[in-house]
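Here is my note on this model, as numbered points. Please read it with the structure open.

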Amino acid sequence: MNNIITLHNIEQVLGAHEPELSQNLTKLFAKLLERNQDPTFVANYTGAIKLRFRREFTTRKGSDSPSFSSFGRACYAAGIVKTLLAIVTSHLYTPSQPKDRFLGQYNALEALSGCMQTGNLTERRTLLEDMKKNHVVNICLSHLNHPLCIFRQLAVNTLRVLASESVLGETSSAAEASDIIAAVCRFTLEGPDFFIEGMRSSATTWQSQMVMGAPDVPAKRAAEHAPRFYAMAQESALWTAHGLLCTTPPPSRKHCLDILKKKPEILDLLFDCAIIARPPWYPETQVDSIACEVLTLLFQWPSHIVPGVSTPQDNAFRAQEWKAMTQAATILTSRDDWCEKIIEVWMKIEEEDWREVRGWFDRVEVDYHAFEPPDEDGFSQVFEYRGTSRIAMLRLVSTLSHAAESCGVTNAEIESLLRLAYLASRKVKGTSELDHSKPEDRYLSIERAEEIFRSPMYTVSLNMQVDAPLQIADESIMGPTALARLLVVLAQRKAFDTIQGLKKAPNGLSTSTCLNHVQQITNPDVIRRFLKIALQRVKACMDKGRDRAHKNDNNYARAAFTSAAELTAALVAFDTHTQGQYTKEVLGARKELALALGNAAEMAIREKCWQQALYFGSGAVNVAENIPAGEQLDANIIAKNKRRVEQARIAISGK
């Protein structure tokens, strides 16, 4: 071949073998940037490059580890990043320009996302670095205000790929992360009107070919589909925020604090996203539950800490991470109506009618032209997402309870949160107890059994095993943990007698609850019943951990043991602050705490997570020193935990 590059030999140019391919690409990339280049030439070549990457991505076998093909390597070496981003920014939109000019820009940006998803982790890092040097983040943020809705959607999708399928979260400053999170939340809250108008207007309805996969789609049909198209982009927007914070290793607590210091309004935006009503045009949405996960990621505990457990290493944690966490919590509790917003997330879920949602699922293909209408599995997933939102809010409540004093959380705010934690502590029906004539029974059991064990998205596509940065227990544990922690704060403040003596609701009590609820939940008889149930939940969670350990699911087992330990630590703290009034009900809790921490340390040792092993093991040893004689902790277990601590110390000092 004589290396002439024209509109009519695209396949030969891009399908050549080396060294010809590299020569072709170098010439092509220069030609694409020529000042008066034919827009159709640019659109067709960028479209062909995009399709090659898409084909590589979709034809890869699931078990294969991806890495750039010879085509991907040649593109990168020839300067694809600089070339395609120059095309994206080469012309501002005006309606008088030929549409091929904008199709070329669209294809160019989408091709870079496609290229990213074909690489291994090292290649993705290198590609991201190059894209950032060429201002990809600013390009995407500015495109969120593009006059064409397809570019707004593409900007969001590109940011999602950079944050979730690459490592933008690891490389972003707090200022950059806060700008991106705020921008994607605002996009999510805008609603679909701009997209509907873009598809309906005669001047811009041509965009629908990029959405519907066919030219000349009637404007009415395109406009009817537009809300669904926008709603999928809303999910991408929130996954972007999620990807920036769900990294391995997790971001430091100071990094999260700095993000909130830069833009504290992020918290309000995320809560607003968490209460977005489920739309009929995209009833399978995850937007609200992703927003809830992002909120918990901002207040995440370090993986070696079990909240409420004391260890000899606490000074280091308190001086650094805990200080940043309490400052971050103070930013949250200083926002207007922060407590009402947590409750509103919960109430939104409680008030949703699953039968109405079922109807939307049945009609989404007819009413909104869904290409892949959600199936029965998709409907079941709605309840998983609802469960995610619930346990994320319970996690947030539990975390805030540890900082209640330093954050100035009032008694009325603690009392306002009691009802949702109490409702979350109700009995969860096992599979054998479900009434199969009642679908709501099955849906509720899916919802309440949901737990979060979330790794960065790129670890899935790259078949990587990592310690999941976001782990939250299911409602059977998280509900009692939140309730126990709220009761601990009230016990510390000696508020129970005052509550029982009140004749009218205290100032600041949420309208979602009432004095009667608060007095019922804090009644000594109700508390006694709750403590017994909570201790049973601990034992069930320990059994779950042992079952997972027998199957060598060490990370899942460790999550079960640390969740059991956190709940038990809350019960022990409650006993401590109520001067023995409830000692009978929590008898055995300290022994369970020592066992849970020791087992968690063992799982950490198996996975060579030495810092976790040291903290969990030290916590177990610490608990054993203060255990009542009546709880009869086996001396062998105490000795075993001391050996675990020593093993972790040796491993850490040898690094």
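1. At what angle do helix α11 and helix α14 pack, and how far apart are their axes? Helix α11 (residues 174–189) and helix α14 (residues 219–245) pack at about 160°. Their axes lie 9 Å apart. α11 is therefore roughly antiparallel to α14. Helices here are DSSP runs (H or I, at least four residues), numbered from the N terminus. Axes are lines fitted to C-alpha atoms over the stretch in contact, and angles run from 0 to 180 degrees between N-to-C directions. Angles under 35 degrees count as roughly parallel, over 145 as roughly antiparallel, 65 to 115 as roughly perpendicular and the rest as oblique.

2. A word on the basis. This is a predicted model, in which local features need pLDDT of at least 70, side-chain atom pairs count only at pLDDT 80 or more, and totals for chains, interfaces and linings use all residues. Residues are numbered from 1 along each chain as its sequence is written, and side-chain values use heavy atoms, with hydrogens and water left out.

3. Which residues join α11 to α14? From α11, the list includes A177, I180, V184 and F187; from α14, it includes Y230, A233, A237 and L244. Contact means heavy atoms within 4.5 Å. The residues of this contact are 13 nonpolar, three polar and no charged. Ala, Val, Leu, Ile, Met, Phe, Trp, Tyr, Cys and Pro count as nonpolar, Asp, Glu, Lys and Arg as charged, and the others, Gly among them, as polar.

4. α14 also packs with helix α9 (residues 149–165), at about 30° and with axes 8 Å apart. That makes α9 roughly parallel to α14. On the α9 side, the contact includes I150, V156, R160 and A163; on the α14 side, F229, W239 and G243 are among the residues. By class, the contact of α9 with α14 has nine nonpolar, six polar and one charged residues.

5. Helix α3 (residues 39–59) and helix α5 (residues 80–88) have axes within 12 Å, crossing at roughly 130°. The two are therefore oblique to each other. V42, T46, I49 and F53 of α3 meet I80, L84 and I87 of α5. That contact has six nonpolar residues, one polar and no charged.

6. The largest nonpolar core has 216 residues, and L14, L28 and I342 have the most contacts inside it. Such a core is a set of buried (under 20% relative accessible area, 1.4 Å probe, protein chains only) Ala, Val, Leu, Ile, Met, Phe, Trp, Tyr and Cys residues joined through side-chain atoms within 4.5 Å. A second, separate core of eight residues includes W354, V357, V382 and F383.

Note on methods: Buried < 20%, exposed > 50% of the residue type's maximum accessible area, 1.4 Å probe, protein only.
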